[in-house]
Amino acid sequence: MVLEKQFSLTPILSLIVISNPQTIIRTAPENHKLHYKVIHRDALPAKINQMEHSITESSFSEKHLKKAVRVMNKHHIDADFSIL
């Protein structure tokens, strides 16, 4: 695919944010890495700052970034399912 060839070095970071602060987040010991991916909403700003500081250099020039946006928009497909 075009995107994979051109943008293979792009870091992709993910999080799961729980909006209810009273939700207790528990994981099994073998899923200890999940503890860093699932956070409460109050921890989101700090986690974003941490992620921003973990990426030390830009992967793209301004030109490549605009091209990436154009290619992604061209290949975008709207989801066709109900979320309820």
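Me: In which loop does serine 14 lie?

Reply: Serine 14 lies in the loop that runs between helix H1 (2-6) and strand S1 (16-18). Please keep in mind that this is a predicted model.

Me: Why is serine 14 called partly exposed?

Reply: Its relative accessible area is 40%, and the label covers values between the cut-off for buried, under 20%, and the cut-off for exposed, over 50%. Serine 14 is therefore partly exposed.

Me: Leaving aside its neighbours within four places in sequence, with which residues is serine 14 in contact?

Reply: Once those neighbours are set aside, serine 14 is in contact with Lys37 and Met51. As for distances between C-alpha atoms, those of serine 14 and valine 38 are separated by 9.4 Å, although these two residues are 24 apart along the chain.

Me: What makes the pairing of the side chains of serine 14 and lysine 37 a polar contact?

Reply: The two side chains are joined at 3.4 Å, and the rule asks for a pair of N or O atoms within 3.5 Å, one able to donate a hydrogen and the other to accept it. The value falls within that limit, so the pairing is called a polar contact.

Me: Why do the side chains of arginine 41 and aspartate 42 count as a salt bridge?

Reply: Their distance, taken from N to O, is 3.9 Å, while the cut-off is a side-chain nitrogen of Lys or Arg within 4 Å of a carboxyl oxygen of Asp or Glu. The pair therefore meets the rule, and the count by this rule comes to one salt bridge.

Me: Are arginine 41 and aspartate 42 buried, partly exposed or exposed?

Reply: Arginine 41 has a relative accessibility of 44% and so counts as partly exposed, whereas aspartate 42, at 60%, is over the 50% cut-off and therefore counts as exposed.

Me: What pattern does the protein chain follow along the sequence?

Reply: Read in order, the pattern is α-β-β-α-α, and the protein chain has three helices and two strands. Of its 84 residues, 7% are buried.

Notes:
Residues are numbered from 1 along each chain as its sequence is written. This is a predicted model: local features need pLDDT of at least 70, side-chain atom pairs count only at pLDDT 80 or more; totals for chains, interfaces and linings use all residues. Side-chain values use heavy atoms; hydrogens and water are left out. Helices (H or I, at least four residues) and strands (E, at least two) are DSSP runs, numbered from the N terminus. Buried means under 20% relative accessible area, exposed over 50%, partly exposed in between (1.4 Å probe, protein chains only). Contact means heavy atoms within 4.5 Å.
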